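Please follow this explanation with the sequence and the coordinates open side by side.

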Amino acid sequence: MTGAPRRLLAWFAVLATLLTGCTPAASSDASGTASPAAVDVDPAPRQTIAPPPAPASAPPPAAAPAVEPQAFALNLYQEGDFVPQYTFDWCVAASIQMAHNLIDDTGGGTWTDSAQQGELWEMARARSSNSFNGANPLGWAEVLTEVGMGPYKVVSIADYGDALQTAARAIADTGRPVGLVMWSGRHAWVMSGFESLGDPGQFPDFTVTGVRVQDPLYPHGSGQWGPSPEPNSLLSPEQLATQFVVREPRRWSSDLPAGYLLVLPVAGT
């Protein structure tokens, strides 16, 4: 009997060893659920690399402030440039003499002689077609061109403001005076300069605020049209408009439409 229990105990020991070797090790959590001995570990979270921030767009360049037109003045007149007409017919010839004086800064002498004025009037009259047998703006322009002060041409402009702008721009561009056909086609003045709001070379829409004039009939004037301004007078556009008016087409024949007539300097070719 003694040997049998020992063998039985030994057999139980072997059996316990076998069972232990076949059963995986386990641990219990609080709920009693078996967990594997080896637990998978979550991999370390990946680092997310943020893309570089988009470069800030440059602000649009600030608009340059608008340039405001400033007061501008141009005057060709110098003391001694004025010449009176020596007869009541010779206004065109006297205006040609004044144009020469206004243009010529060489000191070569002024044109003031009465005999020369008569010759210039005959030249202008010969180049004019005029039922009154006088000198008209077409002859005026031709003589200015022929004696070396040109080229000049006659233009007719319907709008008064446009006519003043055209005259002022021509003086600024050429450095030569403009002839004004006054009294509805009966008289000649010279525009020797102007004042404006804005330089014509920078502001196409400049505004003429004053006109420098030479009336060869000074100091006599006209009972119908008013007194002659003093040489180198600065007239407002409103003052000039009392004597600078639209030409009457019947005064002399031409293909020009009715309007404000200018004997206009143009750039040489």
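A polar contact is a pair of N or O atoms within 3.5 Å; within protein, one must be able to donate a hydrogen and the other to accept it, and residues adjacent in sequence count only if both atoms are side-chain atoms. Helices (H or I, at least four residues) and strands (E, at least two) are DSSP runs, numbered from the N terminus. The model is predicted: local features need pLDDT of at least 70, side-chain atom pairs count only at pLDDT 80 or more, and totals for chains, interfaces and linings use all residues. Residues are numbered from 1 along each chain as its sequence is written, and side-chain values use heavy atoms, with hydrogens and water left out.

Start at helix 5. Asp159 caps its N-terminal end, with a side-chain oxygen 3.1 Å from the backbone nitrogen of Gly161. The expected span of a helix is 1.5 Å times one less than its number of residues. For the 15 residues of helix 5 (residues 160-174) this gives 21 Å, and the end C-alpha atoms are 21 Å apart, which agrees. Gly175, with a positive phi near 70 degrees, follows the helix. Buried residues (under 20% relative accessible area; exposed is over 50%, partly exposed in between; 1.4 Å probe, protein chains only) of helix 5 include Tyr160, Leu164, Ala168 and Ile171.

Now take strand 4 (residues 152-157). Five of its six residues are buried, so strand 4 is largely enclosed by the rest of the structure. It runs antiparallel to strand 9 (residues 260-265), and six bridges join the two; strands pair if DSSP finds at least two bridges between them. Val154 has Val263 as its bridge partner in strand 9. In the loop between helix 4 and strand 4 sits Pro151, and the peptide bond from Gly150 to Pro151 is cis, with omega near 5 degrees.

Two further loops hold backbone features. Trp183, in the loop between strand 5 and strand 6 (187-197), has a positive phi near 55 degrees although it is a residue other than glycine. At 10% relative accessibility, Trp183 counts as buried. The loop between strand 7 and strand 8 contains Asn232, whose phi is positive, about 70 degrees, though it is not a glycine. Pro219 is found in the loop between strand 7 (207-214) and strand 8 (233-235), and the peptide bond from Tyr218 to Pro219 is cis, with omega near 10 degrees.
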